[in-house]
Amino acid sequence: MDKESRFELKMTRRTFLAGAAAMGAGVSLLGLMDVLTAEASRLPAAAAGTLTYQACPRNCHDTCTLISKVVDGRIVSITGDPTHPITAGTPCVKGHCYPTWVYHPDRILYPLKRTGRKGEGGWERISWDEAYRIITDKFKTIIDNDGAEAILPYSYSGNLGIVNNYGVPFRFWNKLGASRLERAVCSDAGKPATKYTYGQVGGIDPETYAKTKLFVSWGVNHAATNVHIIKFINRARDNGAKLVEVNPVRTPLASQADLHLQPKPGTDAALALGIMNVIINEGLYDQNFVDNYTFGFDKLVAKVQHYPVERVEQITGVPTGTVVEFARMYATTKPSIIRVGYGMQRNSNGGRMVRAISLLPALVGMVGIDGGGYVYINGDYWAYDWKALQRPDLLANRQVRSINMNEIGKALTGQTKETRDKPVKALFVYNSNPLAMSTNTNLIKQGLAREDLFTVVVDPFVTDTADYADILLPAATFFEYEDINSDYLGWYVRLNQPAIEPLGESKSNLEIFAGLARWMGFTDSCFAESAADVIKASLQSGSSLFTGITYETLQARHWQKLNLVTPFADKKFNTPSGKIEFYSETLAKAGFDPVAEHVPPAEGPEATPELYAQYPLRLLTPATKYFITTQFHNLPYIQEIYEGPLIFINPRDAEARGVDTGDWVYAVNDRGKVRLKVKVTEAVQPGVVMSPKAPWQKLSPGSTNINALAPDRLGDMGGVSTYHTNLVQVARA
């Protein structure tokens, strides 16, 4: 590295840590970003270099457009695109760490083959040809003996590139006829819940937050998961808007909010129905909107009578006065926005909760209004040509089994109906680290340790999961290949340009799967396509959303906004009735209350009193500002400011257990035991503890992490995960 580049990186690190020290243990993500940005302006001008544009492909609402400066073939700095309305010039703290991520001394640069026992971490270098030969010979043997369904791909959100995650890999698995993985961790209960109400999974533009007069953050910790959107909320507040936080945890925004409703975890449906009870019974709803654009209002009126505010307080713990205060505020302050987060839907009753909340904007006429509305995930705006991307025709009408990723431990140990008689014989992991991020990880470890399971892992690093691989393939970073990305909250398509050549012999997923296809003898022309070919085809869906967006325009502009206007401004809804449905026959046919209902969580005093007596604390495992799931934990910058692994506990519960801040405890249940450091705080309620997800196991005490305690039960809608329906006990270590 040249002298100037060394200085630039060194200053970034020094500033990062100095900022953390200056702000104390509770240092905020926004505060560090401000420090880093200010310090960057004082750095000496770097040598002239080449600028390239990337789209951060992490599982994050912000999807920042980054600008990397390259000098002599090496990235020397990363900044945010100052012209992009959301990125606005700076990445988050994690994004500032990208140079050390790319050039981390632990990066895998060559194919490796396991030596010794699984989990021991012994490796020898092999060539790509040998790696391809070993993998494809094993696949062919498994197909001959057990069928292609005995091969299971496992991937999720380690990289959200349209080409390298959502596209090209599926072509290979379709051609092979491998088992299908149900990828349902994050938002798959809320998606159908929202669609039952509005007919689509897509809401408002987050840039319109600045226009609202009331912003309701429901189940979101913006400071950890959506930091670039806070500026739009603050602009609204500067213009007199009110801020309401609904969250079982007192988040940074909750501490600043005009009102904080703190329901018990898993009770949000009852809270929403109680709010609607007040609005309807006090005549505060928008009768004109309800009469003309909704269906089943009479059924909603009847339903909310079962949720008077006194009962809602008993269920949720939110005082009746607070419920009434918010209901009146929400009904009379216009325009208003409700932003719903993903954490609550990771419950056994998560879909029901999102469904109930989704009814509120329609009740007060806040749909199709500039500066007003509702948003959960803007997934329906990804209008790519999915057939061109994934080539489902290559499956040739074969029926293949489907395995839910939240049951991966059960699947690998033959405990699901799909695998009881037909075990998984090969596991191919890419864009994920299931041994750290998935549920019931002790069971996953048991499955991965099978000597008869052939496992391939594609990753830039030797992760917890990679320790159990037979073959480990070096993944190129997104700075080393071309792709496109889409926001799942904002309304943008972004081009990702390669900044540098791949380090060592690392390859993109496109290259890896093309190589596997050749060695399998697949001759379909799609396996020879370049990234540019795939991008061009994906954008030719004919959707009006992509009008004016082409590969060539993205090369010139780097990012483009979708051709969208205010959702539902035309008051047209793709539901069976053509209206917003307070009452849904489709929902009823799926086995749910056709309006909305509160169902107690599957683990708790109502549903499992004996289990609750043994494990009386409800464990929440939300996102942290330090990682994106498991990513970044192994970076020196992050390790030096990371406070964990922590468990946050209310003073009342801490006193009952004789522990205080700084003490070490074990959190336990029937699934596992995890060692954590205590932080006593009233940010969590009595009976609730919180430990952020999901550090690497090998970098954590006892070589395990909090997901060892997480249940592999499936949620009520979409086969979703249930991390937060989780009872534990805490005791001094």
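This is a short tour of a predicted model, stop by stop.

**Stop 1: the cysteines**

Start by selecting the cysteines. How many disulfides does a search of the whole structure find? It finds 0. Now pick C60. Its nearest cysteine sulfur belongs to C92 and is 6.3 Å away, so C60 is in no disulfide, a bond that would need the sulfurs within 2.5 Å. C60 is buried, because its relative accessible area is 17% and the cut-off is under 20%.

Move to C97. Its closest cysteine sulfur is also in C92. The gap is 8.2 Å, which is too far for a bond. C97 is buried as well, with a relative accessible area of 0%.

**Stop 2: a pair of rings**

Next, show the aromatic side chains. The whole structure holds 38 aromatic pairs. Select F172 and F522. How far apart are the centres of their rings? The distance is 5.8 Å. The planes meet at 50°, so this pair is tilted.

F172 lies in helix α6, residues 168-176. F522 lies in the loop between α22 (509-520) and α23 (531-538). The pair therefore ties together parts that are 350 residues apart in sequence. Are these two residues buried or exposed? Both F172 and F522 are buried.

**Stop 3: E529, in the loop**

Stay in the loop between α22 and α23, and select E529 there. E529 counts as partly exposed, because its relative accessibility is 27%. Which residues does it touch, beyond those up to four places away in sequence? They are R171, L510 and V534. Zoom in on R171. Its side chain makes a polar contact of 2.9 Å with the side chain of E529.

E529 and V599 are 70 residues apart in sequence. In space, their C-alpha atoms are 49 Å apart.

**Stop 4: helix α14**

Go to helix α14, residues 309-316. Colour V309, V312, I315 and T316, which are buried. They cover an arc of only 115° around the axis, so they lie on the same side of α14. An α-helix has 3.6 residues a turn, so residues three or four places apart point the same way.

What covers these buried residues? The cover includes α11 (268-281) and α15 (320-332). Step past the end of the helix to G317, which follows α14. Its phi is positive, near 85°.

While you are in this part of the numbering, select R311 and Y307. The charged end of R311 sits over the ring of Y307, 4.8 Å from its centre.

**Stop 5: T197, in helix α7**

Finish at T197, in helix α7, residues 190-198. T197 counts as buried, because its relative accessibility is 0%. Show its polar contacts. One joins its side chain to that of R355 at 2.8 Å. Another reaches the side chain of S358 at 2.7 Å.

Last, select what surrounds T197. Leaving aside neighbours within four places in sequence, T197 is in contact with R355, S358, L359, T575, K579, I580 and E581.

Notes:
Residues numbered from 1 in each chain as written. Predicted model: local features only at pLDDT ≥ 70, side-chain atom pairs only at ≥ 80, totals over all residues. Heavy atoms only, no water. Buried < 20%, exposed > 50% of the residue type's maximum accessible area, 1.4 Å probe, protein only. Phe/Tyr/Trp six-rings, centres within 6.5 Å; stacked < 30°, edge-to-face > 60°. Helix = DSSP H or I, 4+ residues; strand = E, 2+ residues; numbered from the N terminus. Lys NZ or Arg CZ within 6 Å of the ring centre and 35° of its normal. Contact = heavy atoms within 4.5 Å. Polar contact = N/O pair within 3.5 Å; in protein donor to acceptor, adjacent residues only side chain to side chain. Arc of directions from axis to C-beta.
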